[in-house]
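User: I am new to this structure and would like to learn how to read it. Could you take me through its features step by step?

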Amino acid sequence: MAEAKAVKRVKEKELSEKKFTISYDAKESSLSRHEISAKDLGEAILGMHNLIEETASVISNGSADVSLKVTTPAKEGSVEVVFALLADPATALKVLGILGF
């Protein structure tokens, strides 16, 4: 068991963390009141997860190790989700560049 923990720690150190934010806002709808349905937000987060994984897989021929986490709560003024992408630095920069972040 100790060996597995050591491998995990080494692997986590090899990954870099790149944060990016997506804001959801609109003049009409509940977004104008800084609200979003839990279902819509959940689907948006899951969609971003799938997009990141698929993009990383395509650019690395399936060899990239990526992880996407939501890191902080929304800020006042809009509904924002801050994501943290954990991947090797080259993959992280390529994925976020392709996706426009």
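This is a predicted model: local features need pLDDT of at least 70, side-chain atom pairs count only at pLDDT 80 or more; totals for chains, interfaces and linings use all residues.

User: Which elements make up the secondary structure of the chain, and in what order do they run?

Analyst: The chain has three helices and three strands. Read from the N terminus, the order is α-β-α-β-β-α.

User: What percentage of the residues count as buried?

Analyst: The chain has 101 residues, and 26% of them count as buried. Its accessible surface is about 6800 Å², with 54% belonging to carbon and sulfur atoms.

User: Which residues of the largest nonpolar core touch the most other members?

Analyst: Start with the general idea. In soluble globular proteins, nonpolar side chains tend to be buried together. Here the largest nonpolar core has 16 residues, and Phe20, Met48, Ile52, Leu68, Phe83 and Leu85 touch the most other members. At least two residues of this core come from each of β1 (16-24), α2 (38-59), β3 (79-87) and α3. The largest share, four residues, is supplied by β3.

User: Is Met48 buried or exposed?

Analyst: Met48 counts as buried because its relative accessibility is 10%, and the cut-off is under 20%. Met48 sits in helix α2. Leaving out residues up to four places away in sequence, Met48 touches Phe20, Ile22, Leu68, Phe83 and Phe101. Take Leu68 as an example. Met48 and Leu68 are 20 residues apart in sequence, yet their C-alpha atoms are 8.5 Å apart in space.

User: How many aromatic pairs does the structure hold?

Analyst: The structure holds two aromatic pairs. Phe20 and Phe83 form a stacked one, with 5.2 Å centre to centre and 15 degrees between the planes. Phe20 belongs to strand β1 and Phe83 to strand β3, so this pair ties together parts 63 residues apart in sequence. Both Phe20 and Phe83 are buried. The pair of Phe20 and Phe101 is tilted, at 4.4 Å centre to centre and 40 degrees between the planes. Phe101 lies in the segment after α3 and Phe20 in strand β1, so the parts tied together here are 81 residues apart in sequence. These ring pairs link Phe20, Phe83 and Phe101 into a cluster.

User: Which residues of α3 are buried, and which are exposed?

Analyst: In α3, Thr91, Ala92, Val95 and Leu96 are buried. They are on the same side of α3, because they cover an arc of only 120 degrees around the axis. On the other side of α3, Ala90, Leu93 and Ile98 are exposed. Gly100 follows α3 and has a positive phi, near 90 degrees.

User: What does the side chain of Thr91 make a polar contact with?

Analyst: The partner is the side chain of Asp88, at 2.6 Å. Thr91 is found in helix α3, residues 89-99. Thr91 is buried, with a relative accessible area of 9%. Not counting residues up to four places away in sequence, Thr91 touches Ala56, Ile59, Ala64 and Val66.

Terms used:
Residues are numbered from 1 along each chain as its sequence is written. Side-chain values use heavy atoms; hydrogens and water are left out. Buried means under 20% relative accessible area, exposed over 50%, partly exposed in between (1.4 Å probe, protein chains only). A polar contact is a pair of N or O atoms within 3.5 Å; within protein, one must be able to donate a hydrogen and the other to accept it, and residues adjacent in sequence count only if both atoms are side-chain atoms. Contact means heavy atoms within 4.5 Å. Accessible areas come from the Shrake-Rupley method with a 1.4 Å probe; for residues, only the protein chains shown count as cover. A nonpolar core is a set of buried Ala, Val, Leu, Ile, Met, Phe, Trp, Tyr and Cys residues joined through side-chain atoms within 4.5 Å. The arc is that of the directions from the helix axis to the C-beta atoms. Rings of Phe, Tyr and Trp (its six-membered ring) pair if their centres lie within 6.5 Å; planes under 30 degrees apart count as stacked, over 60 as edge-to-face and the rest as tilted.
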